[in-house]
Amino acid sequence: MTAQTETAAPPRTPHRIPLWANPRIGLVVLLVVLVVLFSVLRPAFLNTRLTLTPLQSDISVYLVVGLAQLSVLSLGHMNMAVGRMAATSAFTMGLVHDKLGAGLVLSLLAGLAAGALLGALAGLIISRTGVNSFVVTLAMDFALAGLITILYTGVTGGVAFPTMPAAMTSLRFDTFADYCLGDVCGPRVPLVVPFAVLAALLVGLLFRYSRLGREILMTGASPRAAELSGIPTKTRIVQAHALSGLLAALAGFLLAANNGAFSASVGDSFLLPSFLAPVLGGTLLVGGAVSVLGAVLGATLTQVIYKGLNLLQFQLDELQLYIGLVLLAALSLDRARHVLAQRRGSRP
Amino acid sequence: MLTAENLVKTFPGVRALDGASLTLHPGSVHALLGENGAGKSTLVKLLTGVYRPDGGRITQDGQELHFGGPLDAQRAGIGVVHQERNLIPAFTVAENIVLHHLPSRAGWLDRRRMRAEARRCLELLEVELDPDTPVARLSVAQGQLVEIAKALSLDSTVLLLDEPTASLTGDEADRLFTVVRRLRDSGHAVVLVSHKLEEVFAVADTVTVLRDGRSVAEAAPLADFTQGQIVDLMVGRAFASVRLAERTVDEQAPPALQLKDVSTALGHREVSLAVRPGEILGLYGLVGAGRSELAKAVLGLERITGGTVEVHGRPARIRSVGEALHRHRLGYVTEDRKNEGLFLEQPVSRNIAVTVWRRLARAGLVSDRRERDLAETYAQRLGIRIATPRQPAGELSGGNQQKVSLAKWLAAECDILIVDEPTVGIDVRTKAAFHELIAGLAADGLALLLISSDLPETVVLADRIAVMSDLRIVGELDNDHDYQRMSQQIIRLIHAETHVEGGVSAA
Amino acid sequence: MTLTAASRATLPGRHLWRTPEFTLGVIAVAGFLALAVATGGNLLSAGTLGAFFRFLAVPIVIGLSQMVVLAVGQMNLSVGALTGFCAMASAWLMLEAGLPAPLAVLAALLLGLAVGVGNGALVVLTRINGFIVTLATMTIIQGLRYGVNGPDTYQGYSAGLREFGRASILGLPAVFLVAVAVAVLVALFFGRTVTGRQLLASGGSPFAARLSGISHDRSLIIAHGLSGLLAGVAAVLTVAASGSVNATIGDDLLLPSFAAPIIGGVALAGGMVSVTGTLLAAFLIRLVDVMQAQFGINPRWVDLIIGAVVLGAVLLGTVRAKLQERST
C-alpha cells in the first residue's frame with residue numbers, strides 16, 4: 001500500500017515585514033502631507049497658541065474615544081453607546097462634585113467607575129444572552145439618552161452642572177508652558193495630553209503583553225476555540241466592555257475639561273470618531289488584532305483633517321461629508337487587509 | 001452513464017484523492033464506502049461541482065464534464081442531499097421544492113403551478129405531504145424527503161445521499177430506503193455515502209470502496225462481499241497489523257478519570273468508564289454515537305443530569321474547560337481542529353501558549369520570548385514543522401496543525417487527556433507518527449481517553465476498548481491487539497445494538 | 001410541534017391568537033380605548049384623531065424601510081438622513097429649480113432609490129458589514145443634506161402638495177392612507193412576488209438560496225434599493241405634511257425605524273418580515289407618544305422605555321430562535 005505523502009518541502013517562510021506595519025507608515029506619510037498642505041494654505045495652522053495647542057487637546061479626547069471602541073473591537077464587538085456612556089459618567093462626576101463637594105481626583109474616579117459599570121452591564125448582557133453587541137449597545141445608547149436628560153433636568157434643573165472642580169479649570173486653560181522650574185518652562189502641551197498618553201500606554205501594554213489582553217484577543221479571534229482552550233470567554237467579554245466604558249468615561253472627563261462644564265451634550269459626537277481612529281490605524285473589525293499605535297495615528301489624522309478644514313472655513317456639516325468618505329475608504333482598506341490576512345492564514 | 005475516472009485532488013500538504021474512480025448506472029443504488037479521511041466527502045464535492053479536480057475526469061455518457069460550480073453540476077443532472085438541511089424554514093414544502101425555479105406570472109408567484117410541480121415530485125416518491133406545510137414544521141426525516149423531491153424537480157438523474165440516516169430513527173430510515181428503491185426502479189442512479197454497513201447491505205446493489213484517496217473496489221456487486229471483507233477493504237489489512245512498543249499498565253492504580261453512571265441532557269444513559277494513569281482507553285463508535293458529546297459533557301459544556309465524574313478519586317463538577325484545565329489538569333483535544341482547536345490567524349506560539357499564560361506571566365505580563373521558547377520546545381518534542389513560531393497556525397499542514405492543537409495541552413502539563421478523532425483527515429504516514437506520539441504520552445504516565453471511529457487505530461493504540469452506540473456503552477473489551485478478533489467482537493456488539501433497536505433489516 | 005416564528009410568515013390563518021401580531025393588536029386596541037377614555041373622548045374628535053394618524057404615516061414608512069433590509073439580515077443606518085436629504089432635494093427642486101410638484105416627488109423617489117442601490121452596491125463590492133457602510137453613508141448624506149440649503153428652512157412650496165398633506169379622505173388623513181397603501185404593496189411584494197420570495201430566501205438561508213441559483217449579492221442590492229425608495233416615500237410624505245423642511249429632518253427617525261420592526265417581531269437575523277407587526281408597533285409607539293403629551297410625562301422616560309422594550313423584543317426573538325433550534 002503506497003502512502004499518501006505529505007509534501008516534504010518545508011513550510012513557506014512568512015513575509016518578513018509584519019503585515020501591520022504598512023498602514024501605519026502610510027498614515028504618517030499622509031499626516032505629514034496634510035500638515036504641509038494646511039500650513040501652506042493657512043499659515044495659521046502652525047500657530048501654536050491658535051491651532052496646535054487646541055489641536056492637541058482635541059486629539060487627546062478623540063484618541064481616548066478611539067481607544068474605548070478599540071477595547072471592544074478586540075473582541076469583534078462594537079460599542080454604539082460610547083457617547084452616552086461618556087455623558088452618564090460625566091454626569092456622575094458632576095454630581096459627586098456638585099453635591100458631595102468632591103475634588104478632581106474623587107470625581108474622576110467616580111466617573112470612571114460609572115463608565116466601567118455601564119460597560120460591564122453591556123458586556124454581561126451580551127455574554128449571557130448571545131445577542132449581538134450592536135443591538136445591545138444601541139438599545140443601551142437609546143435608554144441612556146433618555147436617562148441623561150432626565151438626570152440633568154432633575155438634578156441641575158438644566159443641561160449642565162454649574163460648577164467644576166477647581167483643578168479642572170487649569171486642565172482647561174493651562175499648558176505645561178505655564179509651569180516653570182526657575183527659568184525653564186515646559187512645552188506648549190496642554191495638561192490633558194498626559195491623560196491620553198497614559199491611557200494609550202496602558203491599553204497598549206494590556207493588549208500587547210498582558211495575559212488578560214491576550215485572552216481577550218483570542219476570544220475575539222475564535223470564541224469557540226477560546227472557550228475550548230480554557231479561556232473564561234464570558235468574563236473576558238465583560239472585562240473588555242467594562243474597559244470600553246471606563247475609557248469612554250475618561251474621554252468624557254477630558255471633553256468636559258476642555259469645554260469647561262459637565263453637560264448633557266458630552267459624547268454627542270463620539271460615535272463616528274470612535275470607529276475612525278482604530279480602523280484607520282489597522283484594527284480589524286472582526287476581532288483578534290488591535291493596534292494602539294495605529295489608533296493614535298488615526299486619531300491624530302482625523303483631528304488634523306477636522307482642524308485644517310475648519311481653518312479653511314468648511315462648515316461643520318460639510319465636514320461630515322468628507323469624514324464619511326474617509327471612513328468608507330478606510331473600511332475598504334480594512335477589508336482588503338483582512339482578506340490578505342485570511343489568505344495567508346488559512347488553507348482549505 | 002456517469003463516471004469518475006482516476007480523480008486526483010490535492011490540498012496544500014495532502015493528497016485527498018489519488019486516483020478515485022466511480023461508475024454509476026441508471027436504475028441502481030450504489031454505495032460509496034470508506035473510512036474518515038479516505039476521501040469520500042472530497043469525491044462528493046468533486047461530483048457536485050464544489051471543487052474542481054486536479055487530475056482525472058468526470059464523464060457523462062462519454063462526454064467530459066467541467067463544473068464551474070455547484071449550479072453546473074445541478075444542470076448536469078446531479079442532485080445531492082447533504083447531511084445538513086438546506087431548506088428555507090420560513091417557506092412551504094412547495095416553495096422549497098421549486099426554489100430554483102419559482103414559477104412566475106409577470107413577476108407574481110404562480111402558486112398553482114408551484115403546488116402542481118411539488119405534487120408531481122412528491123408523487124414520484126410516493127410521499128404523502130401537504131405542499132403547503134411550512135418546512136419549519138417538518139421532522140428531519142420529512143425535510144430530507146423534501147430535499148429529494150427538490151432534486152427531482154431539478155430533473156436530477158443521479159442522486160447523492162450523504163450519510164442520510166445519521167439523524168433518523170429506524171422507522172424513518174426504512175421509509176427512506178423505500179423511497180430509494182422507488183428512485184432506483186424509476187431509472188435514477190442513487191449514490192449512498194454511508195458508514196453504516198447494515199444499511200448498505202440492505203439497499204445497495206453495487207459498492208465502491210475508497211481508501212487513502214483511491215478506489216480499492218469499484219462498482220462491484222455487493223452480493224460478492226461479506227461485511228467483514230468490506231471492512232478489510234476499507235482499512236487495509238497491512239496497516240491494521242502494526243504494533244507499537246509494549247507498555248505495561250499498572251492495574252492496581254486508581255483511575256485518573258472515572259465516569260459513574262453518567263447521564264446527560266443529550267440523552268446519554270448511565271455511561272460508566274474509567275481510565276488509569278498510563279492507560280489508553282479507546283472509546284469506539286460510529287459517527288453519531290455520542291462520544292464527542294460525552295466528552296463535552298465531562299468538560300461542562302453539556303449538562304450532566306445524573307451520575308458522577310471523578311478525577312483522581314474525587315468527585316468533580318466541572319463547569320468549564322478552564323476549570324477542567326486549571327483545577328484538574330484535564331485537557332480535551334477537539335475533533336474539529338480548524339474551528340475549535342486552533343486560532344488559525346494567530347501565530348503558532350500563541351496557539352501553544354494559550355493554556356499556560358497563567359504560568360508564563362510575571363506580574364500579569366507575558367513576554368513574547370518566553371512564549372516563543374515554549375513553542376519551540378514543543379515543536380521540537382512533537383516534530384512540528386514550522387518556519388518560525390510566529391507563523392500563523394493556518395499555514396501549517398493538517399498533521400502539523402493537529403500537533404499544535406495537541407501541544408497546548410502538553411504544555412499545560414495535563415495528566416488526563418481526552419483525544420477526539422486525532423487523525424481525521426491526516427494521511428497514513430503522519431497517522432502512524434501520531435500513534436507513536438500518543439502511545440508515548442501514555443508511556444509517560446498520562447491517562448488517555450481516545451475517542452475514535454477508526455477501528456484499526458483503536459485496536460493499535462488502546463489497552464481497553466469501550467464501545468458506544470446510540471448514546472450508551474454497549475460493551476467493554478480488553479484489547480489483545482489482534483485486529484481480526486477485536487474487529488469482529490466490536491462489530492458484533494454494535495450490530496446487536498441496532499438489531500435490538502429494530503433497525504434496518506437485511507432486504 | 002410548537003409553532004415557530006418562521007412558520008407564521010406563511011400561515012397567518014392557523015393559531016392566529018398565538019402570534020405576536022395578535023398580541024400587539026390586542027395591546028394596540030386596548031391602549032387606544034384606554035387613551036380615548038382617559039381623554040374623555042377627546043381623542044376621537046376629528047381634529048385629534050386626524051393628527052394622530054397624520055403623524056403616524058412617516059413612522060410607518062420608515063419602519064418598513066428598515067424592515068426591508070432586516071429581511072436580508074442587513075441594517076440601514078442612513079434611513080433618517082436619506083429621508084431628510086430627499087426632502088430637502090425635493091423642496092429645492094420646487095423652490096429653486098421651479099419644478100412642478102409631481103416631478104419633484106418623482107425626483108425624491110428616484111434619489112432615494114439611487115442612494116439605496118448605492119448602499120447595496122457598496123456593501124456587495126467592499127464586503128463590509130452593512131451597518132458600518134450605512135454608518136459612513138449616513139454621515140456623507142448628512143453633509144449633503146446640510147449642503148442643500150445650509151441652516152435655512154424651505155417653505156411655501158407647491159400649494160397643491162401641501163394641500164394633499166393636510167387633506168383627509170373619509171376622516172383619515174391622505175398621507176396615512178398612502179402609508180397604508182405602501183404597506184400593502186410591501187406585504188404583497190414579500191408574500192406574492194418571485195423577487196420578494198427570493199429576497200426572503202436569501203435572508204433566511206443564504207447558502208441554501210445560493211444553491212438554488214438565487215444570488216445573495218443581487219438580493220442585497222434590491223433590499224437596500226427598496227429601503228432607499230421607501231425613505232424617499234417618507235421624504236415626500238414629510239414635505240407634504242409638514243409644510244416646511246430643513247436640514248434636521250430625519251435625525252429623529254433612525255431609532256423608530258428599528259423600533260417598529262423589532263417590536264413588531266421581525267428577526268434581526270433576516271429571513272422573515274411582518275408588515276402587520278411593523279404597522280402595529282408603529283401604531284403603539286405613536287400611542288405612547290400621544291399618551292406622553294397627554295399626561296405630561298417626560299418624553300425622555302418614553303425613550304428609556306422604548307429602548308428597554310426593543311432590547312426585550314430582541315431577547316425574546318433570540319430565545320424563540322434557540323427554542324426552535326432545539327426542537328429540530
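Residues are numbered from 1 along each chain as its sequence is written, and chains are lettered from A, with ligands numbered from 1, in the order in which they are written. Because the model is predicted, local features need pLDDT of at least 70 and side-chain atom pairs count only at pLDDT 80 or more, while totals for chains, interfaces and linings use all residues.

The interface comes first. In it, 30 residues of chain C are in contact with 29 residues of chain A; contact requires C-beta atoms, placed from the backbone, to lie within 7 Å. Helix H7 (130-149) and helix H15 (299-327) of chain C are the elements that give two or more residues to the side of chain C touching chain A. Helices here are DSSP runs of H or I with at least four residues, strands are runs of E with at least two, and both are numbered from the N terminus. H15(C) gives the most to this side of chain C, with 12 residues. By class, the side holds 17 nonpolar, 10 polar and 3 charged residues. Nonpolar covers Ala, Val, Leu, Ile, Met, Phe, Trp, Tyr, Cys and Pro; charged covers Asp, Glu, Lys and Arg; the others, Gly among them, are polar.

Chain B has an open sheet of 4 strands. Its order is S14-S13-S16-S17, with antiparallel pairing. Pairing requires at least two DSSP bridges between two strands. Strand S14 (271-275) and strand S17 (314-315) of chain B are the edges, each pairing on one side only. Strand S13 (residues 257-264) of chain B is joined to S14(B) by 4 bridges. Here Leu259(B) stands opposite Leu273(B) in S14(B). S13(B) also pairs with strand S16 (residues 304-311) of chain B, over 6 bridges. Ser263(B) stands opposite Gly306(B) in S16(B). S16(B) and S17(B) pair over 2 bridges. They form a hairpin with 2 residues between them. His312(B), in the turn, has a positive phi of about 50 degrees. Val311(B) stands opposite Arg314(B) in S17(B).

In chain C, the axes of helix H6 (residues 101-126) and helix H12 (residues 216-242) come within 7 Å and cross at roughly 150 degrees. H6(C) is therefore roughly antiparallel to H12(C), a term for angles over 145 degrees. Axes are lines fitted to C-alpha atoms over the stretch in contact, and angles run from 0 to 180 degrees between N-to-C directions. The contact of H6(C) with H12(C) has 19 nonpolar, 9 polar and 1 charged residues.

Notes
Contact = placed C-beta atoms within 7 Å. Parallel < 35°, antiparallel > 145°, perpendicular 65-115°, else oblique.
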